[in-house]
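Dear colleague,

Here is the structure I said I would pass on. My notes on it follow below.

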Amino acid sequence: SMIKEILQSEYDEVYSFVNEECGNEKDAFESEDAKKSILSYFEAHYEQYSYFASFDEGLNGVLAYDANDFRIAFLYVKKQDRRKDIGSSLLDALKEKALQMNIGRITVRAYDQLVHFYVANGFESNGDSAIVELEYLVGRSMIGKKVTVIVDRAYGSYHPTLQDMICPYNFGYIKQDTKLEDVELQDAYVVGVQEPLDEFTGYVVGIIYHGNEATSRWIVAPAGFVVNHEELIQLLGHEEQFYDTRFIWG
């Protein structure tokens with residue numbers, strides 16, 4: 001199957017596919033009432049979403065998501081084309097788009113019967129109820145990768161919002177070649193260098209996620225830097241203490 005991003009001019013084709021295929025589907029929903037509710041909501045809101053779709057002699061799979069926060073609204077594959085990794089391929093396309101856009105996480109609310117599918121694709125459960133909240137932490141694949149940071153808050157400078165705090169690190173954003181529009185800058189701390197910098201090339205040693213925010217912060221260090229988790233948490237804690245933080249390490 002070929003995966004492609006759907007243009008707005010193709011939205012009606014997506015709507016027709018979902019309405020026709022799901023309308024005749026008996027096995028993919030928790031109940032007939034659930035199916036009617038989902039299709040009714042989709043009909044009212046389908047123009048608000050962004051889409052990836054799968055094609056193989058015609059449309060055979062759709063993933064709808066909110067481009068503002070990368071929450072998955074809908075994922076459907078034709079019954080006869082399941083077990084061909086089409087759903088996983090659609091998720092992979094969304095993960096790649098999120099990485100390019102410097103989005104920190106992808107979220108979805110899934111019925112219990114679908115949780116195993118999302119977990120198999122790298123999502124983590126974030127709740128325990130009939131409808132399970134799951135998230136995929138974007139950027140984990142970048143740990144250990146070489147990146148360049150453009151520094152806009154240098155080591156030894158005063159913090160712009162925290163009174164009397166002198167920054168014990170360099171802080172900036174990842175240098176990135178992209179033609180995508182509306183890309184969030186990927187924030188990054190530079191650690192292991194105790195001097196002010198304009199630009200730094202090093203390796204991602206950890207990622208910080210904030211509560212349910214869409215963005216994340218990468219921790220970048222020189223080659224050969226020995227990572228001490230507690231020391232880095234203490235070093236960055238002056239700023240990170242104001243957030244609901246989660247650290248991910250290599």
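**Two helices side by side**

This is a predicted model. Helix 1 (residues 11-23) and helix 2 (residues 32-45) have axes that come within 11 Å and cross at roughly 170 degrees. An angle over 145 degrees counts as roughly antiparallel, and the two helices are therefore roughly antiparallel to each other. Helix 1 makes the contact through Val14, Tyr15, Val18, Cys22 and Gly23, and helix 2 through Lys35, Leu39, Phe42 and Glu43. Sorted by class, the residues of this contact are 6 nonpolar, 1 polar and 2 charged.

**The cores**

The largest nonpolar core has 24 residues, and among those with the most contacts inside it are Phe70, Ile72, Leu94 and Phe123. Two or more residues each come from strand 3 (59-66), strand 4 (71-77), helix 3 (86-100), strand 5 (105-111), helix 4 (115-120) and strand 7 (131-137). Helix 3 gives the largest share, 6 residues. Apart from this core lies another, of 19 residues, including Tyr15, Leu39, Tyr49 and Tyr51.

Not counting residues up to four places away in sequence, Phe123 touches Ile72, Leu91, Lys95, Ile106, Val108, Tyr118, Leu134, Glu135 and Tyr136.

**A buried asparagine**

Asn170 lies in strand 9 (residues 170-174). Its relative accessibility is 0%, so Asn170 counts as buried. A polar atom of the Asn170 side chain lies 2.9 Å from the backbone nitrogen of Tyr155. Leaving aside neighbours within four places in sequence, the contacts of Asn170 include Val151, Arg153, Ala154, Tyr155, Tyr189 and Leu197.

Regards

How values were computed
Residues are numbered from 1 along each chain as its sequence is written. This is a predicted model: local features need pLDDT of at least 70, side-chain atom pairs count only at pLDDT 80 or more; totals for chains, interfaces and linings use all residues. Side-chain values use heavy atoms; hydrogens and water are left out. A nonpolar core is a set of buried Ala, Val, Leu, Ile, Met, Phe, Trp, Tyr and Cys residues joined through side-chain atoms within 4.5 Å. Buried means under 20% relative accessible area, exposed over 50%, partly exposed in between (1.4 Å probe, protein chains only). Helices (H or I, at least four residues) and strands (E, at least two) are DSSP runs, numbered from the N terminus. Contact means heavy atoms within 4.5 Å. Axes are lines fitted to C-alpha atoms, for helices over the stretch in contact, and angles run from 0 to 180 degrees between N-to-C directions. Angles under 35 degrees count as roughly parallel, over 145 as roughly antiparallel, 65 to 115 as roughly perpendicular and the rest as oblique. Ala, Val, Leu, Ile, Met, Phe, Trp, Tyr, Cys and Pro count as nonpolar, Asp, Glu, Lys and Arg as charged, and the others, Gly among them, as polar. A polar contact is a pair of N or O atoms within 3.5 Å; within protein, one must be able to donate a hydrogen and the other to accept it, and residues adjacent in sequence count only if both atoms are side-chain atoms.
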